[in-house]
Each structure stands twice: as structure tokens, then as C-alpha cells.
Amino acid sequence: MRGERTLLHIGEYLVGRSCRRLPPEIRDERYQEWAAELPAILNDRAIRLAPYRALRMLGYAGDTLRGSALMPGRARRRPAVPSILVLGLLFAAGLVAMVWGIWNAVRAPGHELNYVQVVWSLFLVAWPISQYVRSGARMTGLIVISSGLAGEVVYIWNAVQAPGDWVNYFVAAGSFLLYLAWWLIRQWVRTGGHNAGGAGQMTAS
Amino acid sequence: MTVPLERVLRAFLDDPTAPRYGYDLMKAASLQSGTLYPLLARLEHQKLVASAWETPQQEGQRPRKYYQLTSEGIQVVRLELARTARHQRAPGHPGHLAPGSLG
């Protein structure tokens with residue numbers, strides 16, 4: 001099949017990501033088990049269409065993320081106290097940004113950036129909630145980073161539009177510092193003995 | 001007993017002595033990997049299912065993990081499925097088994 005190696009690499013990457021959430025003692029075994037099915041799915045002759053086989057394989061690999069979250073004995077980590085503080089701050093900042101964005105959208109319905117700000121603030125509110133509901137949901141890191149960047153763009157854009165409005169500078173700097181704090185705490189938690197080792201030791205990931 | 005669990009057990013009971021691998025069970029039970037593997041892990045923990053790694057047939061081939069019902073598992077699963085079937089036939093059944101049963 002054309003592009004088989006690339007597809008397998010993508011599948012193995014997804015399975016590897018899923019296995020990072022598992023306790024170290026079962027991580028390698030699960031990786032070997034789940035990754036072993038990828039070529040079998042990709043070469044399943046019962047499915048005639050190759051693109052469908054590829055999709056099925058990627059679906060299988062992606063869904064192991066859900067499987068690793070539901071697996072008995074998976075690594076459940078409570079957020080550290082500094083993380084809880086940052087999560088609380090992010091949640092509050094998200095709520096304020098959301099109210100502000102909605103208020104701005106009501107006042108200026110034709111201004112697209114206000115809607116972007118509402119969407120961004122929704123992500124900002126959703127992320128801390130997802131951390132409390134399921135602290136192992138690390139995919140949300142991606143959402144936080146992307147929404148943070150989007151938020152910075154919004155505030156910098158606002159600052160360019162209205163250079164005399166100090167609130168834009170203040171919020172842009174504040175949100176940047178919040179994200180910086182979140183990132184530093186994340187690094188600190190990672191290197192401070194919680195889940196040290198990670199999946200970097202996993203073979204063939 | 002949940003519907004996914006029932007499907008997995010029925011797939012096993014199609015040929016109770018046959019070892020089954022994950023993808024095979026996924027197809028037989030029409031389940032996604034994210035549903036199937038946690039169920040298999042739970043069944044294995046309850047010692048109703050045993051697992052073993054295959055010996056690779058070709059060099060460079062990843063070995064697959066096979067699952068098979070244990071002898072105790074066959075008995076328990078048959079009993080539970082029969083109980084579920086009786087329960088479902090009973091008028092006004094709530095659709096779930098009593099606490100302490102599988103699932």
C-alpha cells in the first residue's frame with residue numbers, strides 16, 4: 001500500500017501518545033500490543049478500499065487514547081497545588097475574558113475579533129474544567145497553547161487598533177505571564193518526580 | 001452487564017477455546033479499540049480471560065497478544081449471559097444486572 005510506512009509511523013505515534021498516560025509498569029506492554037495491530041488493520045484484506053483501511057487504522061490508533069484513559073490502574077495524577085492555583089486563575093481569567101468578549105460583541109456586532117475572543121475565552125474556561133474532571137487529559141495542552149496564542153494575537157491586535165487603551169497591553173502581558181507560569185509549573189511537575197521517566201523510555205515510539 | 005461487555009463475551013463464546021487478538025475481537029464485537037481494551041484488561045484482572053504473546057512468524061514482525069477465556073471464565077460467562085438473557089425476557093426488566101455480577 002502506498003504511504004504505508006508513513007501511516008504506520010503516524011499510528012505508532014498516536015499509540016505512543018496514548019501509552020504515555022499509562023502507569024510505567026504496563027506502558028511498554030500495551031504499546032507493543034496496540035502497535036502490533038496497526039499493520040494487521042492496514043493490510044486487512046477483508047476491507048477492499050485502501051483509504052478506508054488507512055482511516056480505520058488511524059481511528060484505531062486514535063481511539064487508544066480513550067482506551068488508555070479508561071484502562072484500570074492508569075496513572076491518575078492529582079494536579080499539584082501550584083497547578084490548582086494556576087488553573088483557578090486561568091478559569092477566572094477565562095470567565096472575565098468571555099464576559100468581556102460577549103459585551104464587546106454585543107456593542108460591536110460587526111467586529112469579527114470579538115467573536116474570536118469569545119471562542120478563545122471558552123477554551124480558556126474549558127481547559128481548567130477538563131483538568132479537574134480528568135486530570136490525565138493532556139491533549140488539552142495543545143488547546144491551551146493554541147488558544148493562548150490566539151488570545152495574544154487578539155489583544156495585540158486590539159492594542160494596535162487602539163494604542164491609547166492601556167487595558168489591551170495589561171491583558172496581553174497578564175495572559176502571557178499566566179501561560180508562562182502554567183508552562184513553568186508543568187515543567188516543574190514533570191521533573192519533580194511526578195511521572196519522571198515518561199514515555200521517552202518507550203521502545204519504538 | 002453493559003452492551004459492549006456482552007458483545008465481547010459473546011464474541012469469545014463463539015469459539016471459547018480459540019485465542020483471539022484485539023483487532024479480531026474489535027470486528028467480532030463491533031467495538032472500537034478505546035472500548036475493547038479496557039474491557040479486556042478488566043476481564044483479565046478478574047481472571048476470566050488469559051492472555052499470551054504469539055511467536056512472530058516473520059523476522060521484524062511485532063508479536064500479537066492473544067486473549068482466551070479461562071475455564072472458569074467460560075463457566076462464568078455462560079452463566080452471566082444466560083442470566084442476562086433471562087433477565088431481558090422477563091417483563092419490565094430494568095436492563096441491568098444486580099450488583100456483584102459482571103460488568
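The model is a predicted one, so please read everything below as describing a prediction. Chain A has 7 helices and 0 strands, and 14 residues of chain B are in contact with 15 residues of chain A. The largest nonpolar core has 37 residues, with members from chain A and from chain B.

**Chain A**

- Going along the sequence, the pattern of chain A reads α-α-α-α-α-α-α.
- Chain A has 205 residues, and 27% of them are buried.
- Taking the contacts in chain A between residues at least 6 apart in sequence, 65% link residues that are at least 24 apart.

**Where chain B touches chain A**

- On this side, 14 residues of chain B meet 15 residues of chain A.
- Two helices of chain B, H2 (22–29) and H3 (33–45), each contribute at least two residues to the side that touches chain A.
- H3(B) gives the most to that side, with 7 residues.
- Sorted by class, the side of chain B that touches chain A holds 5 nonpolar, 5 polar and 4 charged residues.

**The nonpolar cores**

- Within the largest core, the residues that touch the most other members are Val15(A), Met57(A), Val8(B), Leu36(B) and Leu40(B).
- Setting aside neighbours within four places in sequence, Met57(A) is in contact with Leu7(A), Gly11(A), Leu38(A), Ile41(A) and Leu42(A).
- There is also a second, separate core of 12 residues, and Leu87(A), Val171(A), Trp182(A) and Ile185(A) are among them.

**A helix pair in chain B**

- Helix H1 (residues 3–14) of chain B packs with helix H4 (residues 71–89) of chain B at an angle of about 125 degrees, and their axes are 11 Å apart.
- That angle makes H1(B) oblique to H4(B), because angles from 65 to 115 degrees count as roughly perpendicular and those over 145 as roughly antiparallel.
- The crossing of H1(B) past H4(B) is left-handed.
- On the H1(B) side, Glu6(B), Leu9(B), Arg10(B), Phe12(B) and Leu13(B) take part, and they meet Val77(B), Arg78(B), Leu81(B) and Thr84(B) of H4(B).
- By class, this contact between H1(B) and H4(B) comprises 5 nonpolar, 1 polar and 3 charged residues.

How values were computed: Residues numbered from 1 in each chain as written. Chains lettered and ligands numbered in written order. Predicted model: local features only at pLDDT ≥ 70, side-chain atom pairs only at ≥ 80, totals over all residues. Axes fitted to C-alpha atoms, helices over the stretch in contact; angles between N-to-C directions. Helix = DSSP H or I, 4+ residues; strand = E, 2+ residues; numbered from the N terminus. Parallel < 35°, antiparallel > 145°, perpendicular 65-115°, else oblique. Left-handed = near helix turned anticlockwise from the far one by under 90°. Contact = placed C-beta atoms within 7 Å. Nonpolar A, V, L, I, M, F, W, Y, C, P; charged D, E, K, R; others polar. Buried ≥ 20, exposed ≤ 12 C-beta atoms within 10 Å, placed from the backbone. Core = buried A, V, L, I, M, F, W, Y, C linked by C-beta atoms within 7 Å.
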